[in-house]
Amino acid sequence: STPCRSALLTGRHPIRSGNLSTSVHNPYGLVQWERTTAELLSDEGYATALFGKWHLGNTDGRFPIDQGFDEYYGIPNTSSEAFSSNKPADINSGYVKSILEGKKGGRVHMVKEYNEETRREIDNEIIDKSIDFIKRNVKAQKPFYAYIPLTQVHIPTLPSRKFEGKTGNGDWADVLAQIDYNIGQLLDVVDKLKIADNTIFVFTSDNGAEYAGSSTWWNGWAGPWTGSYNTAMEGSLRTPFIICWPGKVPANRVSNEIVHVVDIFPTLAKFTGAKVPTDRAIDGIDQSDFFLGKQTNSNRTGFPIYYGSDLFAVKYKNFKIHYYWKVVRTDVAEKLSQPRVFNLYKNPTERIDGITAESIKHDSRINVGYLEEDVKKETAFAISEAAKIVDTFQKSLEKYPVIPQFSADPYVPNYK
């Protein structure tokens, strides 16, 4: 999603940068004032490239090559937006149905139309170009940053012809097999080039499971968690995160600690010696010591959860405090008259149905008038801690006002 990708690359919650959604009518995306990881690493002498899905602007001045990336090949928006658009596949249509290419200092150009067949094969191309980029820079003895946001498994979830039917379990399973193979190719080339000990490899996702309606076979699965992306449910927020750095990051370690996507920005800066901007609010927290195994706990205990410009919930340690209720993407959000609190240790699926006197003893969920005394205290504690997180964030927004959505360049915030 656009909000999560902006958070990843800037270390700032998307409400700050105005990246709440996309638009076919307005210049959405990052204003050039924003500083991305690619820009930070470029300043440190890194070669930088983005191969894959961008989704942070689809007009001149808003492409990866305008935000620190030396090279770009991929799609500007999502696959679903491309296939639902009635616009033609040309450079005057916002590039929605186009596969693009470009280099820093120039302009992007259309390589070919993004249609059902090229959608099937684009991730294979992305991997091939990423491997070529890695090999070129290793040969040149130049440090590199490769950001490789694959287009899968976003709808339409169509596997490469090479993987079609391979698993016998349908398109979704075939695509997972394709992703597994492609990631393996990247790991193999890092090993063959003998750079694994000096390469940080991160695998993660920008949101939880897809939900496009009960009748589609392209819906994802959130495992034990409830909900889909575009909500504040655990099925939206919890995503896989794997980091590999042999000899530095301890192997085979599994943690349930909280790490937010904004934390990647300052953490990569710390690992590489890059300088984090000091003229703006940075929401990310350096997690380098946690990743390196120097400490057991994450440096983060919670975060606000916005959907658009509305504060939907707060996560605090093992508590979720909902102010709006929306379970899957297609639901209409309900503004709650009082917060709905879940202790995720006791109620990880965020259930609200089937409450009985007996189940209340084992679950922490809000309806303060009916809960027993110990649960009421726990609930009040969670609401109080959430209020502290909200208050701190709101004060930060007052000091550093948000960039309005769809702001045109040049844009420079007037921070006092």
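Author: Start with a helix on a sheet. α5 lies across β1 (47-53), β2 (71-75), β3, β4 and β5, and runs at about 170 degrees to β1. Contact means heavy atoms within 4.5 Å. Axes are lines fitted to C-alpha atoms, for helices over the stretch in contact, and angles run from 0 to 180 degrees between N-to-C directions. Helices (H or I, at least four residues) and strands (E, at least two) are DSSP runs, numbered from the N terminus.

Reader: What should I know about the model itself?

Author: This is a predicted model: local features need pLDDT of at least 70, side-chain atom pairs count only at pLDDT 80 or more, and totals for chains, interfaces and linings use all residues. Residues are numbered from 1 along each chain as its sequence is written, and side-chain values use heavy atoms, leaving out hydrogens and water.

Reader: In what order do the five strands of the open sheet stand?

Author: In general, strands of a sheet pair through backbone hydrogen bonds, either parallel or antiparallel. Two strands count as paired if DSSP finds at least two bridges between them. Here the order is β4-β3-β2-β1-β5, with mixed pairing. β4 (109-113) and β5 (144-147) are the edge strands, each pairing on one side only. The twist averages 15 degrees from one strand to the next. β3 (residues 98-103) and β4 run antiparallel, joined by four bridges. Ile99 stands opposite Lys112 in β4.

Reader: Back to α5. Where is its kink centred?

Author: A bend at a residue is the angle between axes fitted to the seven residues ending there and the seven starting there. In α5 the kink is about 40 degrees, centred on Ile122. At the helix start, a side-chain oxygen of Asn115 comes within 3.1 Å of the backbone nitrogen of Glu117. After α5 comes Gln141, with a positive phi near 55 degrees.

Reader: Is Thr10 buried or exposed?

Author: Buried means under 20% relative accessible area, exposed over 50%, partly exposed in between (1.4 Å probe, protein chains only). Thr10 has 1% relative accessibility, so Thr10 counts as buried. Thr10 belongs to helix α1 (residues 2-10).

Reader: Which backbone atoms does the side chain of Thr10 reach?

Author: A polar contact is a pair of N or O atoms within 3.5 Å; within protein, one must be able to donate a hydrogen and the other to accept it, and residues adjacent in sequence count only if both atoms are side-chain atoms. The Thr10 side chain reaches the backbone oxygen of Ser6 at 2.7 Å. The backbone nitrogen of Arg12 is reached at 3.2 Å.
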